[in-house]
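Subject: A structure for you to explore

Hi there,

Here is the structure I promised to pass on to you. Please open it and have a look around before you read my notes.

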Amino acid sequence: MAPKKIVKNGKEYKYEEKTLEKDTVLNVYIPDPSVGIDDKTFEKYRNSPEWKELDDLYLRAIAGEGNTKEILQKIVSYGEIARAKHRDFFNLMKEGDKGSIDLMLLPYFLRMPVPHAIDFLERRYSDNEETSIRASIEINELIKDEYAHSLMEIIKNAGNVGDREVTNGAMGELCRMGEIALPSLRLEIVNTKDPQYQLDLSIVALIIILGDENEAIKMVKQISNLNDEFSDSANKKFIDLLNEIDLRPYFLRHPEKVEELVKSQ
C-alpha cells in the first residue's frame, strides 16, 4: 500500500495506515469510559471533593480557558473517578458550548492507563509537527478499533437472536474496514467460545486476508469438512494466517488490553 501524505504548515509528511486504498466513511463510535463502575462507587465519587475539582477542570476545558493539554492531562490523572465523572459531561455543557475536539474524544484517553494517556496527550500537543501528526493518526486508528469492536458486538448480539440480516450487514461493514480490523478480529476469534460467532468473524477475517469472498467461504467449508485430515490441513492454514496478523501496533494503541491479558493469565 502506497504511503499517504499530510501537508501541514507547508511541510509534507508521509505515513503508513492500515486501511483500504479507498477510505470508507465510518461512524464514529465514542466509548463510555464509565462502564464497569457500579452505582455505589459512582455515588461515593459524586460526594467526594475530587468531583468538584473535576467540575472545574471540565468547565475550563469546555470554555477553552487555560492550557488544553494540561487540563486534559489533569483530568485523566484522576483515574477511575474521572471515568465516572464523564457520565455528567453533557450535563456540564450548555447550548453553544463546543470545547476542543480532544475534549469530545476524552473517553479514549480515559480508557488508557493513566501514564499512557498523559504521554499520549504530550505527543498530541507536541511542538514537533511529525510527533503531533503521528498522535492524530493514532487517534484515527483508535476510533476505527472502537468501531470494529462495536460491529463485532452487533454480530454477537444479532447471532444470539438469530437475525442474519443484521449479522450480514455488520459483517459487510467489518469487511469494508480492511486490514485495520484484523487485530481486533484475531483476538476475538481466539477468545470466543461461541462457535457461530467465531465462524462469522473467521469469514470476515479470511475475506480481508484473501481479498476474495468466494475463497474465504471455500476455506471455511474445508475447515468444516467431515474428513478429519482435510479439515486439519485447512484449519492449520487458517491458524497460520491468523498468527501472521501483527498485534504489536494494536497493543501499542491499547496498553490496557495488555494489562487485561496479564491479569487473565
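Below is what was found in it, from the whole chain down to a few residues.

This is a predicted model, so local features need pLDDT of at least 70 and side-chain atom pairs count only at pLDDT 80 or more, while totals for chains, interfaces and linings use all residues. Residues are numbered from 1 along each chain as its sequence is written, and side-chain values use heavy atoms, with hydrogens and water left out.

**The whole chain**

The chain has 16 helices and two strands; these are DSSP runs numbered from the N terminus, with helices being H or I of at least four residues and strands being E of at least two. Of its 265 residues, 45% count as buried. Here buried means under 20% relative accessible area, exposed means over 50%, and partly exposed is in between (1.4 Å probe, protein chains only). Among contacts with a separation of 6 or more, 65% are between residues 24 or more positions apart; a contact means heavy atoms within 4.5 Å.

**Salt bridges**

Side chains of opposite charge can pair when their charged atoms come close. How many salt bridges does a search of the whole structure find? The search finds 18, a salt bridge being a side-chain nitrogen of Lys or Arg within 4 Å of a carboxyl oxygen of Asp or Glu.

- Arg 87 pairs with Asp 39, and their closest N and O atoms are 4.0 Å apart. This pair links distant parts of the chain, 48 residues apart: Arg 87 sits in the loop between helix 4 (80–85) and helix 5 (89–92), and Asp 39 in helix 1 (residues 39–46). Arg 87 counts as partly exposed because its relative accessibility is 34%, whereas Asp 39, at 57%, counts as exposed.
- Glu 122 and Lys 69 meet at 3.0 Å, N to O. They too link distant parts of the chain, with Glu 122 in helix 8 (residues 114–124) and Lys 69 in helix 3 (residues 68–77), 53 residues apart. Lys 69 is buried, with a relative accessible area of 17%, while Glu 122 is partly exposed at 37%.
- Asp 88 forms a salt bridge with Lys 85, with 4.0 Å between the closest N and O atoms. Are Asp 88 and Lys 85 buried or exposed? Asp 88 counts as buried because its relative accessibility is 11%, and Lys 85 counts as buried at 1%.

**Around Val 220**

Next, find Val 220 in helix 13 (residues 213–223). Val 220 is buried, since its relative accessible area is 10%. Leaving out residues up to four places away in sequence, Val 220 touches Leu 199, Ile 203 and Leu 206. The C-alpha atoms of Val 220 and Phe 238, which are 18 residues apart along the chain, are separated by 8.8 Å.

**The cavity lining**

Finally, which residues line the largest cavity? They are Tyr 108, Arg 111, Met 112, Leu 142, Glu 146, Arg 253, His 254 and Glu 256. A cavity is a set of points, on a 1 Å grid over the protein atoms alone, where a 1.4 Å probe fits but cannot get out, and lining residues have an atom within 4 Å of a point.

Enjoy exploring!

Best wishes

Note on methods. On a 1 Å grid over the protein atoms alone, a cavity is a set of points where a 1.4 Å probe fits but cannot get out, and a pocket is an open set with protein on both sides within 12 Å along at least five of seven lines; lining residues have an atom within 4 Å of a point.
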